[in-house]
Amino acid sequence: MPTYAYACKDCDHAFDIVQSFSDSSLTECPECKGSLRKKFNSVGVVFKGSGFYRTDSRDSKGSTVSAAPAASPAAAAAPAPAAS
Ligand SMILES: [Zn+2]
């Protein structure tokens, strides 16, 4: 049976679960009852990864910004909000 990976949109709780093809997809997060997003087994496309990286680079302001100028245009288009 295939293993499905889910991630919660609300609390970022992520987990894998083995389901048969006939089982219906999970939609509710077991942690916070939020909305789940089904992911695929492959780690080829992980949008959450880039978001985490952006947060990380924001913390260490100045040290990693110049490392990859053209790698993430989305990050450049979404500047960190001024003091929030
Ligand atoms: Zn959750």
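I took helices as DSSP runs of H or I with at least four residues and strands as runs of E with at least two, numbered from the N terminus. The model is predicted, and I kept to its limits: local features need pLDDT of at least 70, side-chain atom pairs count only at pLDDT 80 or more, and totals for chains, interfaces and linings use all residues. Residues are numbered from 1 along each chain as its sequence is written.

Elements. I found two helices and three strands in the protein chain. From the N terminus they run β-β-β-α-α.

Sheet. I called two strands paired if DSSP finds at least two bridges between them. The three strands form an open, antiparallel sheet in the order β2-β1-β3. β2 (14-18) and β3 (36-39) are at the edges with a single partner strand each, so one side of each has no neighbour in the sheet. From one strand to the next, the twist averages 30 degrees, with axes fitted as lines to C-alpha atoms (for helices over the stretch in contact) and angles running from 0 to 180 degrees between N-to-C directions. I then checked β1 (residues 3-8), which pairs with β2 over five bridges. Y6 stands opposite F15 in β2.

Burial. I counted other C-beta atoms, placed from the backbone, within 10 Å of a residue's own: 20 or more is buried, 12 or fewer exposed, in between partly exposed. Of the 84 residues in the protein chain, 2% are buried.

Loop. I looked up P30, in the loop between β2 and β3. P30 counts as partly exposed because it has 13 C-beta neighbours inside 10 Å. The C-alpha atoms of P30 and F15 are 9.9 Å apart.
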